[in-house]
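Here is a walk through one protein chain, meant to be read with the model open beside it. Grab a viewer and follow along.

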Amino acid sequence: MMTKPSARSQYKRYIGWKLFILIASAVSIPILLFLSISLGVVRIPICELFAILTGRDSGDGAAQIIWQSRLPQALIALLAGSGLSITGTAMQAVLRNPLSSPFTLGISSAAAFGAACVVVLGGGRIAALDHTITKFGLPYGSIAIGAFVSSLVATGLILFLAGLRHIKTETILLTGVALSAFYGAGIMLLQYIAEEQQLAAMVYWTFGDTQRGTWPVIAFLAVVVPLFAMWFCRQGWNYNAILHGEETARGLGVSVRRVRGLTMVFGALLTSTLVATLGVIGFVGLVVPHLARLAIGSDNRYVLPLSFFLGGGILLISDTAARILLMPRMMPVSILTAFIGAPIFLFMLLKRSTTSC
């Protein structure tokens, strides 16, 4: 006679499966990283790649391609995808809206507008051959500060609406659409009054591109992104409580206003940093959290770290595909993520509207 598994053993199996998915996603990152560096116009065999990275082979031309182009680009894609994905997951949790993300709420557009304002009003000039953040003739960090201040204004409006009692989550999302249109019009106005070199600088920001990543930028993001990610992950239990309603969360001792405010501010800070360094990369922070919940359930203690790994891997795959599709030319990754993410977003929006009827 077979005995029924105890509740404790079933729970252990349930948690074990979640941990297995998390470990598998983390282990897949270095594999994807090696494949991404290997593929391109010049294909580098894995054995030669490993020898160059470990210093056993100078590689000359191949080593130059790896250290100056492909490795920085791959690391930037990993960090940006991880940061945008975990930010989108946290925002969806505190706003209780599965369609929330830095892109759909207008925060990315606000950051781009702030960066454009600094470039135009500060008299920035982009270099013709060296597209780096230090070649605008502006104080270092000024573009990031402008992006953050502008995104913080948009975040404040969203937080104000989220704090009102009778405001539906759909209204918050529509506010994001309106903010995106407003800041888009602002960017067009700045482009209209800008000089030729300033116009080139602003167009530079509209393309979310990992090719502009430099080693100092990578070192900075390698500190900032994990720090914010750890803070978001520590709030997993609080996010679970908020998902069950604000009154329930307060009854469990969660300061809803504080958690929501800090999450949105930190999300705006991380988003504006990524926009200031890479430009706008849309739909990653929207789609990846849904994929993570499909794979591991709705518990944010597991969804948040999975979104971190999954987002980095997906943007790395997208960046590799963008590099290969139009060889020898390299497409900005934001174009590919928009082509893929827009239909997925539309499908999610239609599915949500049909289920609510």
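## A buried residue to start with

Phe283 is buried, with a relative accessible area of 12%; buried means under 20%, exposed means over 50% and partly exposed is in between, with a 1.4 Å probe and protein chains only. This is a predicted model, where local features need pLDDT of at least 70, side-chain atom pairs count only at pLDDT 80 or more, and totals for chains, interfaces and linings use all residues. Residues are numbered from 1 along each chain as its sequence is written, and side-chain values use heavy atoms, with hydrogens and water left out.

You'll find Phe283 in the loop between α11 (256–278) and α12. Its backbone is worth a look: phi is positive, about 75 degrees, although Phe283 is not a glycine. Arg96 also has a positive phi, near 55 degrees, and is likewise a residue other than glycine. Arg96 sits in the loop between α3 and α4 and is partly exposed, at 38% relative accessible area. As background, most residues other than glycine have a negative phi.

## The overall build

The chain has 14 helices and zero strands. Helices here are DSSP runs of H or I with at least four residues, strands are runs of E with at least two, and both are numbered from the N terminus. Buried residues make up 50% of the 357 residues.

How far along the sequence do contacts reach? Take the contacts between residues at least 6 apart in sequence: 75% of them join residues at least 24 apart. A contact means heavy atoms within 4.5 Å.

## The nonpolar cores

A nonpolar core is a set of buried Ala, Val, Leu, Ile, Met, Phe, Trp, Tyr and Cys residues joined through side-chain atoms within 4.5 Å. The largest one here has 62 residues, and those with the most contacts inside it are Leu95, Leu105, Ile158, Phe232, Tyr239 and Met264. Helix α3 (residues 61–95) gives this core its largest share, 17 residues. Apart from it lies another core, of 12 residues, with Ala111, Val118, Ala147 and Ala201 among them.

Zoom in on Phe232 next. Leaving out residues up to four places away in sequence, Phe232 touches Ile86, Thr87, Ala90, Tyr239, Thr263, Phe266, Gly267 and Leu304.

Gln92 lies in helix α3 and is buried, with a relative accessible area of 4%. Its partners, not counting residues up to four places away in sequence, are Asn97, Pro98, Ser100, Gly285, Leu286, Pro289, His290 and Arg293.

Gln68 is in helix α3 too, but Gln68 is exposed, with a relative accessible area of 60%. The C-alpha atoms of Gln68 and Gly213 are separated by 9.9 Å, while the two residues are 145 apart along the chain.

## Aromatic rings

A search of the whole structure finds nine aromatic pairs. Rings of Phe, Tyr and Trp (its six-membered ring) pair if their centres lie within 6.5 Å; planes under 30 degrees apart count as stacked, over 60 as edge-to-face and the rest as tilted. Phe113 and Tyr183 form a tilted pair, 5.4 Å centre to centre with 50 degrees between the planes. This pair links distant parts of the chain, 70 residues apart: Phe113 is in helix α4 (residues 107–121) and Tyr183 in helix α6 (residues 169–193). Tyr183 counts as buried, at 7% relative accessibility.

Why is the pair of Phe308 and Phe309 edge-to-face? Because their planes are at 80 degrees, with ring centres 5.6 Å apart. Phe308 is buried, with a relative accessible area of 19%, whereas Phe309 counts as partly exposed at 26%. Elsewhere, Phe228, Trp231, Phe232 and Phe266 form one aromatic cluster.

## The second largest pocket

About 340 Å³ of space lies in the second largest pocket. A pocket is found on a 1 Å grid over the protein atoms alone, as an open set of points where a 1.4 Å probe fits, with protein on both sides within 12 Å along at least five of seven lines; lining residues have an atom within 4 Å of a point. Grid points are joined across faces, edges and corners, and the volume is the space filled by probe spheres set on the points.

Of the 12 lining residues, the closest to the pocket's centre are His290, Leu294, Phe347, Met348 and Lys351. Helices α12 (284–296) and α14 (333–356) each supply at least two residues of the lining. The lining divides into eight nonpolar, one polar and three charged residues, where Ala, Val, Leu, Ile, Met, Phe, Trp, Tyr, Cys and Pro count as nonpolar, Asp, Glu, Lys and Arg as charged, and the others, Gly among them, as polar.
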